[in-house]
Structure formats: structure tokens, C-alpha cells
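Let's take a walk along the place where two chains meet. Have the structure open as you read.

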Amino acid sequence: MESKRASFEGALEALGVTVSTTTKSELEAAVTEAVTEPAVGIALDETVGDEAVSLTETPVTVDPTPVALREAATGVTGAELGVGDYGSLVLSMTETASELVSLFVERHVAILHEDDIKPDMDAAVAELDERFTETNGSAIIATGPSATADMGALVKGAHGAKEVHVIIVEEGA
Amino acid sequence: MATADELRELMRTEGAAIAENTQGFNAGRYDSVGDLEDYEALKQAARSIKEDAIAELPDLLDQLTETIEANGGTVYIADDAADANEYIRNVVDDRAADRVVKSKSMTSEEIEVNDALEADGVDVVETDLGEWVLQVADEAPSHIVAPAIHKSRESIAELFNERFDPDEPLETAEELTHFAREKLGEQIINAEVGLTGANFIAADTGTMALVTSEGNARKTVAATDTHVAVAGVEKVIPTVADLHPFIELIGRSGTGQDITSYVSLLTPPVDTPVVDFTDDETPLSEFDSDRDFHLVLIDNGRLDMRDDEHLRETLYCIRCSACSNSCANFQSVGGHAFGGETYSGGIATGWEAGIEGLDVAEEFNDLCTGCTRCVNACPVGIDIPWINTVVRDRINRGKDTPGDWLVDGLTPDEEDDGAPLQKRFFGNFETVAKLGSATAPVSNWLADTGVSRQVMERVLGIDPRRDLPAFERETLVDWAAARDSQVDDPERRAVLYPDLYTNHVQVERGKAAVKVLESLGVDVVVPPAPSSGRAPLSQGMVATATDHAERVTEALEPYTADGRDVVVIEPSDHAMFTREYERLLDESAFTDIAENSYEVFEYVFGLLDNGASIEALSTVAGAEIAYHSHCQQRTLGLEAHTVAVLEECGYDVVTSDVECCGMAGSFGYKSDYYELSMDVGDRLRTQLRDDGVQNRPVVASGTSCLEQIDALLERQPRHPIELLAT
Ligand code: SF4
């Protein structure tokens, strides 16, 4: 358990992705700290799977308008899975536009439940295979910020997010 | 075929950027795959998924069509480019779209869909930053993964400043990227149709994988309501689970990234709402996700390739670009020379031969020298050099037989339809060498006269700047026949294969090898034997090479049957026996020679490992040496043996790590390629002149490498076996 978490955090660090850890009860404070305003987000009960969690006490505008999305600096969404050996996040594509909120912003803050960290890519793909077979779903395996080397040097922040922050929600306490 | 002038011009204008980027990718690949514990197992898995998928392709296509239609999408299987374009134009027309935004897709380049749509008045915008640079510059891609690899930051800045006249001139990569992001961002949210490729498509769920780093493919799909994905029929794999090895391998093999920023796994139509980006009242979730999806699968020659025993493997290609980045020639000239209509790099020969035809493949096929450095790099284990050889053979057979006196005298080959004269000359170098030794030293003086060099250049295209090999009057076989074995009670018995160069030109290294083996208790014979067939094979003369292979095995069979090991000095011939002969001989003949053959240092290593004493060899106390291994030897994993033996003999060894010396058999002799060959060689020269290396004596295993190093450096190189003889 500890080891896949440790390898996940190590991989995130190597990617330049910042991490904070919190518990369910402290999540709103962690989100507030992680965002740069203006911030938008999607309702978390969709993704963390726990209705007790909300973003009411944060500066995040949940379910924004398209214009508010374009003006936002930060987008807050959940992540379905983490991939231990790569530091990847599996992002879903919901009807509430999680894809847009994680993509059309400079800073993406992803909230991930500790239990959803898979040890490696093999396990993550196996899990997605199962889910897709049941639901015809879609997902993005996102690893670090968007990047390009097309302009003569490596630059972070091409079309997608320039910064990624992961909030790991721990069980209990 | 690119002329010497065209190659020179490309090296001058694009060479520096190409070299820096491809070598960076290539080095990144070594690092990145080195971190993978189960690299070989992943490659095996990837290979077998592709093998099975292509074998089952018609069924998979049926299954995929059914799945996608059940998901609410449409599948169209297009026979060729025109068919595909007509379908796509209708989709765009039905949607009444003014703008189509595209993410990077080689297949869309193949069918030239941009031209077709633009002819209808549709604005087509490339959103991959590299592709967009090329669209603005009106240039063709020079690399299958990083299309604008030939352009420097400075030239992109100049282009943008001129074309867009920004308030502040753009300069840094950050500024250029930011500018492009803003400009393209506006265009993406105002487009109706998003056109993407697909790296893989799973038949079981209809899920497609898009491998990108910029996020433009995600935006292209999310911001438009009509998604058209264009892919070759070969992209279908059975299940989502099968994606696993490819996800781990594709980025590492190509640009050396462990994984690209985004791997989109889309089962279209996706649930993301289609929003109006100018709306500031309606929350995102209240827009519905009314989306259309069209998958256009393109045949365009692929199903015929599937039926072609030799081109079939091409369809396993996942377009990772490892075969481009690991190719010494590609590192110098890039895809504008080493490429056809759409595809570039080693595997482009297969793609272009299958899709466009032999005439297009012919334009660049000779740039593959058969060094095999791409073979281990290819994540799906395609024998890329073999595809190049087969295509070269087919091109040769399409030519008229040249009627020239030289052909009959110097080129007694098995090619019914005849290769061009230059290819036949190099392909039959054995005849030249025999004649050369028989008439040495007269032949050497003759070859060096101005008149004969002019004739050679005019008739055979042999570059006058190259020194020609000097033939020895006494061949190694003659020398060995005239002496008795020095070993009374042998530990092992061996037959030393007298390769063409050792026998006729570098006879000293052959004598050294015999003495070293005898010192280690091996009884050695050196019987006459035909040349391996490497020379004709590299010219695409497969029938002649096969004839050589058969005669070599016939000549050596009595010795192996008698319990002798086959020891080979020339790495390219050893590679013939243990690798290429599999294509030329029946299974038992191949196994017999392959299993009994050893590269000479591999053999010495084995003898020492089995108890022979290093004291029997000439040893030193820490003498410094620089070693350049041979490309084909490295592919077979046999560089380490030479290094280990030299170290055991007391040498302090520094090794080069360039992919190839640039000579590559006869390649560097050809007038058209002399300068390219020297450009490739320059990278080796740089390493051999590095601090701490510049004064070291140089040893190299391959004949070509020795000749090239001789031309590159003041220091005369030797074969390492000569260091060991007492
Ligand atoms: S042939 Fe192999 S190495 Fe070359 S692009 Fe295709 S998959 Fe990559």
C-alpha cells in the first residue's frame, strides 16, 4: 500500500506535479489552498463518490458557464485513478464537462482518493478494460502538464494545462 | 533518388536541427527503455498482438464496425485516398462546417485531405504546433512524430514574425508556444468538425487511443460536435487490455518520453457536453452532448500488403519513429531525403512501396545501409532492413539489364533480371577481390592511376576521394595452407572463416586470429570458402546472396559435421550466418551454421570463460585504447565480449556509441553518398577526438569501420585481435 503511494508521489515529483495530502473533512481547505483564482470546478460527488464532499466552502465556482471557464485560471476535477509507476491520472469524461474543466485552464487541480492509486500501468489498463466493457466509457491518461518541443525547446503548457496539482484524499481521520 | 547535391544542400540547411533532435530522441530512448524491467517482454507482447490482429484483420474490422455502430457512430472503409476524401467532404458538407480543426495524423497526410477540403472552401487548421508551423510555412513534415524537426527555433520565430507581425517580435520557445496556443485556441472553439487520427482502435468496445502531448487532440474532440477519425485499417487491435504494452512502449521508443502527456482513450461519441464558448449564462452541465462520430478506415494498398509475405510486417508498425532516430543516415539528412510521399525513416520503404508503389520507394531506399541498428529499437520487432532489401531487389528487377563488358567479366551473379551496374559491381566484389589478389601488386597500382579512377567514377559511381582497398598477393587461405597446426592436443577445433577482406586485404588480422586461437589451445583450419553473400544482399541481389549462402554452408558443412566451430572475424559476415541466412536458407541448414558460428571475440571470451589462460595472450598493464564496435555486431549483442576480453588483457577501454561509422560496406564508396557517409563519420571522429580519447590507439571490429576510421583520423586503426597475438 505504502509503496505504490510512494512511487506515485515520486513519479509526480519527477513530472513537476505538486502534491498535497488531506482527509475528507479537510478537503475544502486543501482545495482553497491549491487553487489560483478565478477557479472553476465540477461537483465532486460525481467523481470522488461521496456526497458528503463538496466545494461550497471554497472559492471554486462549480458548474461554471463557458465564458467563466475560459476566464478561469484553475479547474478542479476529480481523478478516477492514479498510476503508481508513471504518476499518471486517469480523468473521466462526464456529462458535467469534467473534460473541459481539466483542459481549458492553465492550472488543473485533481482530487484523487488514496484507494484509487493503482500500482502500475498494467493494472490501470486492466481496470479500464473492465469499466469500458461495461459502460462504453472514455478516459484520459494524463501524465504531468501538457508539453511541446515543437518550438525549438521543451515548453510546458501547450494546448492543455501548464501546471498540475494533485490532492490525495486519505482514508479515515 | 536524392543526388549528391540535394543531400549536401539538405545537410547544410536542415542537418544541424535534424541531428540534434534525432540524436536527443535516440539517447532518450536508450535511457527510457533502460528503466523498463520487462522491456523485452513488452516488445514480445506488442509484437504478438499485432501479428494476431493483422492475421485476423477482416474479422476484427467486422467486429469493430458492429461495435461502433451500436455505440451510435458510423464506420466507413475507404478503398483509397479519393474514396476517403469524398466521404469526409460529405460529412463536412452535411454539417455545413466552415472550419475543420485537425490533430496530427499521418494517415490524413497520406490521403491529402486538407487539399480536398480546402478545394471546397473549408478552412482546415492544423492544431499540433509542429504541423501548424509547417502549414504556415507550406512545408512537408520531415519526421513522422515531430514533423517540424528540421526547423530551428530561430527559423520558426522568423516565420511567425514575418507572417503575423505581432506587437512584440517573438523570440523564445515559450513566446512562440504561447502565441500559437492563443491563436489556435480561438480557432478550435469556433470549429464545427474535429479531425483526428487514431493510434489504436479496440474492436471489442470501439475505444480508440490517441497519443499526444500538447492536448490539441483533446480540444479538437471536446470543442467540436462532429468527430471524424481517420486511420489505416491496420490500427485495429482486439481489446482495450491489449493497449497496455503499446502505452508503455510508444513514447519511450520514439522521443524517449516514458509516456506522453495525454493518452486519450475515447469511445465516441463521448459524453462531454457540446458548449457554446461565448455563452455566459448557461452552466456547462446544461448543454447536451449531441455528437456525431465517423470512423474512416483506409485501405489504400494495406490489404494487398497483408497478402504480401515480405511487406506484411510493415502493418505491425505503430509509427513510433525509433527506426528514424536510430538511423545514422536519417540523423544526417532527415525525412526530406529519407522519405517518400508521406512516411519517412527506415520503415517508410515498406509503407511507400505498399501505398504509393516501388517508384516512390526507390527515391530513398538506398539510404538504408542495412546496419540493423533499428531492429532492436523497433517496439514490434519488425525486420526493417529486410523490408528494405526486398524492396531493393524488386526495384532492381524492374530495371533493364545493363549491357556492359564489365557485367559479364566482373559480375557473374544469379540475378535473372539484373541489377544496375553499380549494384552488380559491389554485389560481386568477391570476383574483384580474387582478381585483385591474383594480380597484386599490379592491380593496386592500376587501381590508383588517375585514368582508372575516372573510369570507375564514370561507369561505377565510385567516389575518387575514397582510397581503394589494397589487395595482398598471398591470401590468408594460401598462408594457412602452407603451415602446420601448432596445437598438438587441442581443447577445441575450429574452422576460421576466410571472409573476403581478411582473405584478400586485411590478411594480417587473419593471421593474428589463427595465432590467438592456437595460443588458447584451438586447432584451426582455414579452407577456401565462398564469400558470405553480404555484398550482394546489401545491393538487393537476393538471389545471388542466396546462392552464396548455399555454397558457404556446403563448404563449411563437412567441418561442422566433424565437430569444428565456425569462427568469424568480420562481424557483418557473422551477422549473415546468424541472422540474415534465416531468410535465405532452409531451417536445418540455417540452424546448423547459426548455432555453430562465433564472432572471434565471442569465441575467445568463451574459451577464457571455460578455463583457457589469459597468460597465453599478449597482455598489458592498463594501456589505454579506444574501441569502435560494429553496427551489426552490436545488434547481436556482441560488443560486450570484445570489451571484456580487452579489459581482461589489461586494457583501459573507451567505447564509441555512435550508431554507425557511416561507411556501411560499399555505401561510402558511392559518389552520391560519399559526403553523407563522411557527415555520419564525423560524429565518430568527434568521439574519437574527445578529451581523454584523442591519444588512444583505435581498434575496430568491422572492415568498413576500419576503412572509415582510417579516412577520418591520422591514427591508423587495427582490428582488436591483432592486440592479442603474441
Ligand atoms: S517500424 Fe518499428 S521502429 Fe519504425 S516507426 Fe514502425 S514501430 Fe517504430
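**Where chain B meets chain A**

The contact draws 64 residues from chain B and 52 residues from chain A. Keep in mind that this is a predicted model. Put together, the two chains bury about 4900 Å² between them, and carbon and sulfur atoms account for 62% of that area. Looking at chain B's share, three residues stand out: B:Arg181, B:Arg218 and B:Leu284 supply 15% of the area chain B buries against chain A, more than any other three residues.

Which elements of chain B each bring at least two residues to the side that touches chain A? They are the helices α8 (129-137), α9 (153-164), α10 (173-189), α11 (216-222) and α12 (243-254), along with strand β9 (262-266). Of the contributors, α10(B) gives the most, with ten residues. Sorted by class, this side of chain B has 28 nonpolar, 19 polar and 17 charged residues.

Finally, have a look at the strands. Strand β9 of chain A, residues 139-142, pairs with β9(B) in the antiparallel sense, over four bridges. To find your way in, look for A:Ile141: its bridge partner in β9(B) is B:Val263.

Key. Residues are numbered from 1 along each chain as its sequence is written. Chains are lettered from A and ligands numbered from 1 in the order in which they are written. This is a predicted model: local features need pLDDT of at least 70, side-chain atom pairs count only at pLDDT 80 or more; totals for chains, interfaces and linings use all residues. Side-chain values use heavy atoms; hydrogens and water are left out. Contact means heavy atoms within 4.5 Å. Buried area is the accessible area (1.4 Å probe) that two parts lose on being put together, summed over both. Ala, Val, Leu, Ile, Met, Phe, Trp, Tyr, Cys and Pro count as nonpolar, Asp, Glu, Lys and Arg as charged, and the others, Gly among them, as polar. Two strands pair if DSSP finds at least two bridges between them.
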